[in-house]
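Visitor: I'm new to reading protein structures. Please pick a single part, take me through it slowly, and then show me how it sits in the rest.

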Amino acid sequence: MALLRVVIVGLLVVSAGCVGFGVGASDTGSVATAGQAPPGVDGGIVNATALVRAHERSLDGVGVDLATTWTHRSSVPGESNRTVRTRTLTDGNGTLWRRAVTAGDGDEQRVERWIVGGRGFRYVVGGRTGRTDGMGPTARYRTARLERWLATGRYHVAAIESGTPERYVLTTTTYATPGGDPREADTVRYEAQAVVTGEGRVTAFSATLVTVERNKWGRQTRIRSYSYRLARTGGVRVSRPGWVPDMRADVEVADG
């Protein structure tokens, strides 16, 4: 357990360094004289649903290269440790490629998707190729989990970066349980930061949640983290993967 405590402290320190996206010192004067706040941000209070819908609208028809990482670490017996890294490329005209790699307890699985317009293919490495339908904005821009994480903090505007576009830096160390449910543990440590443009585009987000529960089985710790980053927007081209079947019959046989 002593080793675990050291790991927890180390992760908290790392997260504190990682969620600062090169932002300068905050200034209450700059906040007061800034332009229109992003949609869903009112007086530093974030409406996660409104902000994410604005984020999706800002990306509609735009080429996007984005990366997300979700990690779960636990000292609770029977709970597996997992990391999911996802890379998505979309050209803004209906063509999308995505690779998700899930690693945990020595196992790794990679899943790829290729979608043109409303239909496409899904490929599990070492498995089969099958049909898949197109996806709406929530799936296309990986915003479902982003919205859930944005909803679990009480944010304030820590800084405003000048430039074109102007960017708002939202931070929080206050964990707000979804729906106002009781906290799940005796100790909760939370830190999150979002960088958002005035139109509501979330260019970067990072959060770490540490919960510690003491019960008859001892001290049980869970560490969850999540990051969302727009690596590039505009001018994104998506190449056809080599595994995409050339003939429709190939897919029909695989599905059958």
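Guide: Let's start with β9 and β10, which pair in the antiparallel sense over five bridges. Strands here (E, at least two residues) and helices (H or I, at least four) are DSSP runs, numbered from the N terminus. Two strands count as a pair if DSSP finds at least two bridges between them. Before we zoom in, note that this is a predicted model, in which local features need pLDDT of at least 70 and side-chain atom pairs count only at pLDDT 80 or more, while totals for chains, interfaces and linings use all residues. Residues are numbered from 1 along each chain as its sequence is written, and side-chain values use heavy atoms, with hydrogens and water left out.

β9 covers 156-161 and β10 covers 167-172. Together they form a hairpin with five residues between them, and in the turn you'll find G163, which has a positive phi of about 135 degrees. Look across from H156 and you'll see T171 of β10 standing opposite.

Side chains of opposite charge can pair when their charged atoms come close. E161 and R167 form a salt bridge, with their closest N and O atoms 2.5 Å apart. The term salt bridge means a side-chain nitrogen of Lys or Arg within 4 Å of a carboxyl oxygen of Asp or Glu. E161 counts as buried because its relative accessibility is 16%, whereas R167, with 26%, is partly exposed. For those words, buried is under 20% relative accessible area, exposed is over 50%, and partly exposed is in between (1.4 Å probe, protein chains only). Elsewhere, salt bridges that share partners join R53, E56 and E147 into one network.

What about β10 as a whole? Five of its six residues are buried, so β10 is largely enclosed by the rest of the structure. On its other pairing, β10 runs antiparallel to β11, joined by six bridges. R167 turns up here too: its bridge partner in β11 is T197.

Between β10 and β11 (187-197) there is a loop, and R183 sits in it. R183 counts as exposed because its relative accessibility is 51%. Leaving out residues up to four places away in sequence, R183 touches T177 and V188, where contact means heavy atoms within 4.5 Å. The C-alpha atoms of R183 and T211 are 9.2 Å apart, with 28 residues separating the two along the chain.

Time to zoom out. Strands of a sheet pair through backbone hydrogen bonds, either parallel or antiparallel. Ours belong to an open sheet of 11 strands with antiparallel pairing, in the order β8-β7-β6-β5-β4-β3-β13-β12-β11-β10-β9. β8 (129-133) and β9 are at the edges with a single partner strand each, so one side of each has no neighbour in the sheet. From one strand to the next, the twist averages 15 degrees. Helix α3 (residues 48-59) packs on the sheet, where it touches β3 (64-74), β11, β12 (202-215) and β13 (218-233), and its direction makes about 30 degrees with that of β13. For such angles, axes are lines fitted to C-alpha atoms, for helices over the stretch in contact, and the angles run from 0 to 180 degrees between N-to-C directions.

D65 counts as buried at 6% relative accessibility, and R232 as partly exposed at 38%. Another joins R119 to D133, with the closest N and O atoms 3.2 Å apart. R119 is in strand β7 (residues 119-124) and D133 in strand β8, so this pair ties together parts 14 residues apart in sequence.

To finish, here's the overall tally. The chain has six helices and 13 strands, and 42% of its 256 residues count as buried. Among contacts with a separation of 6 or more, 55% come from residues 24 or more positions apart.
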